[in-house]
Structures are given as C-alpha cells and as structure tokens.
Amino acid sequence: MGRYSTRDTTSSYRQLDIRVLQRKGFLRPRGWVSLYWSVNGEVVGSIQILAASDRVILSYRHQRYAEDWKSEEYSVLLNRTRCNYGGERIWFLCPARGCSRRVAVLYGGSIFACRHCYQLAYETQREAPHSRALRRVQNIRMKLGGSGSLADDFPGRPKGMHWRTYNRHCMEAEEAQNQSWPPWFYKMLARSVPAKPFSKPTQSEAANRMKTQGSTS
Ligand SMILES: [Zn+2]
C-alpha cells in the first residue's frame, strides 16, 4: 500500500493528543499521515495515522525488551460531544479491551491506551504482588498464634505442631516477607548499594519497564 506521508513532529514522547491531531488537520480523511516524536530535535519514534469519519487507524512498530519488532495496526473510535456555545469536541474512545473511556490523550506502550488503563496495569503488575505477599506473611504468623504484625518477633512453635510443619511455615513466611516490600523500597535500596554488574532483566521486569515508560512519558 502506498502511503502518503506528511511529516510532522511533536515533543511529547509517545502521547497522542486528539487536540494536537485536530489542530494539525490529522483527523480529516486524507490518507496516511506520519507523526514523529522527537527529543531534543532527534526523532525517537513514529506512527502512521489514517483518519476516517468515526475512527482513526493507528499503525506503528514497537519492540519490547530483547524481542523482535512487532507491527501493530488497529482502529481507535472517535466520539464527538457538543459544546454549550456551539461547535463540538472530539475524543478518543480508549481501545484497550473493556475500557472505551472517552479521553483526549492516549499513551503509547505496546498499545495506545488511556492513563487510567496504564495506571491499572501498573498497579496490578507491580503493587499487588507485594501486598499479596504481605498478607501471606501475616496469615502464617496468625496461624502460629502471633499478631500478624511484622514488628513483633516471629511466633514460636505452637504446642502440638510438628517441627517439620513449623519449619515449613517459617520458610514460607520468610520467602513471602522477602517479596512483600513495595517497589519504592527497592528504589531506595538501589541508591544505597554499590552498582551491580549488568544483568539482563527478566521478561516481566522488562515488561514493567515498558509499562512505566508508557505511563509516565
Ligand atoms: Zn482505557
């Protein structure tokens, strides 16, 4: 497919602002146009946009850490609301599955989605595991007759409980406690210990990093 291309740049990396697109005339059906993101004058990303009356089609390539480049192409529906004083406003309907919120800005990671969707992804991937782990420690401590507070000493072996069972609870509690620190704790820790030699992040760490970049840029 031949792609008619209008070169244009925006400084907000990986953001699609419908007001900017409208101002640049990118929402008028006129074939594929290209939008470039630049940082300090250097192009760092691009996306192709094809406008129709009720939607835009986004086409771009993205790369997750240490994976091959992937091409994406999908529609984002548009929604129009009337202003009190006449005229209309155009909105994106967030294309993330089950969302469809009416928003003015979409944020790019591997898919473009609203701020709310990225916040949710961030919370379920990075914050829920540590609170789940904390609950696990508290449950074990209470099962052993303790209070659940991590400030207290670890409870001793209850009368009648096998040593083997008690030891297993101790090990589980220790493991869960290691996972119960919130992400900010690790950031703090990273600043106070000497730099480690480079090690390749795991897939999920890389995925989190992509998410974070997508939501904060
Ligand atoms: Zn959304």
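The protein chain averages a pLDDT of 74, and 69% of the residues score at least 70; pLDDT is the predictor's confidence in each residue, from 0 to 100. This is a predicted model, in which local features need pLDDT of at least 70 and side-chain atom pairs count only at pLDDT 80 or more, while totals for chains, interfaces and linings use all residues. Residues are numbered from 1 along each chain as its sequence is written.

**Confidence along the chain**

- Among the elements of the protein chain, β8 has the highest mean pLDDT (95), and helix α5 (residues 203-216) has the lowest (46).
- The pLDDT is below 50 over residues 1-13, a stretch that has 27 contacts in the model beyond near neighbours in sequence; two residues are in contact if their C-beta atoms, placed from the backbone, lie within 7 Å.
- Residues 185-202 also have pLDDT below 50, and this stretch has three contacts in the model beyond near neighbours in sequence.

**Overall architecture**

- Five helices and ten strands make up the secondary structure of the protein chain; helices (H or I, at least four residues) and strands (E, at least two) are DSSP runs, numbered from the N terminus.
- Of the 217 residues in the protein chain, 15% are buried; a residue is buried if 20 or more other C-beta atoms lie within 10 Å of its own, exposed if 12 or fewer, and partly exposed in between, with C-beta atoms placed from the backbone.
- Among contacts between residues at least 6 apart in sequence, 46% join residues at least 24 apart.

**Strand pairing**

- Strand β6 (residues 70-82) pairs with β7 in the antiparallel sense over five bridges; two strands pair if DSSP finds at least two bridges between them.
- Within this pairing, Phe92 in β7 is the bridge partner of Leu78.
- β6 and β7 form a hairpin with five residues between them, and Gly86 in the turn has a positive phi of about 90 degrees.
- β7 is also joined to β8 by two bridges, and these strands run antiparallel; here Leu93 stands opposite Arg102 in β8.
- Elsewhere, an open sheet of three strands has the order β2-β9-β10, with antiparallel pairing.
- In that sheet, β2 (15-17) and β10 (112-113) stand at the edges with a single partner strand each, so one side of each is left without a neighbour in the sheet.
- Two bridges join β9 (residues 105-108) to β10, and Tyr107 has Ala113 in β10 as its bridge partner.

**The nonpolar core**

- The largest nonpolar core has 21 residues, and those with the most contacts inside it are Ile49, Cys94, Leu106, Phe112, Ala113 and Cys114; such a core is a set of buried Ala, Val, Leu, Ile, Met, Phe, Trp, Tyr and Cys residues joined through C-beta atoms within 7 Å.
- The elements that give two or more residues to this core include α1 (18-23), β3 (32-39), β4 (42-51) and α2 (115-143), while β5 gives the most, with three residues.
- Not counting residues up to four places away in sequence, Phe112 touches Leu16, Leu58, Pro95, Leu106 and Tyr107.

**Ser100 in its loop**

- Ser100 is found in the loop between β7 (88-93) and β8 (102-103).
- Ser100 is partly exposed, because 14 other C-beta atoms lie within 10 Å.
- Ser100 touches Leu93 and Cys94, not counting residues up to four places away in sequence.
- Ser100 and Ala113 are 13 residues apart in sequence and, C-alpha to C-alpha, 9.4 Å apart in space.
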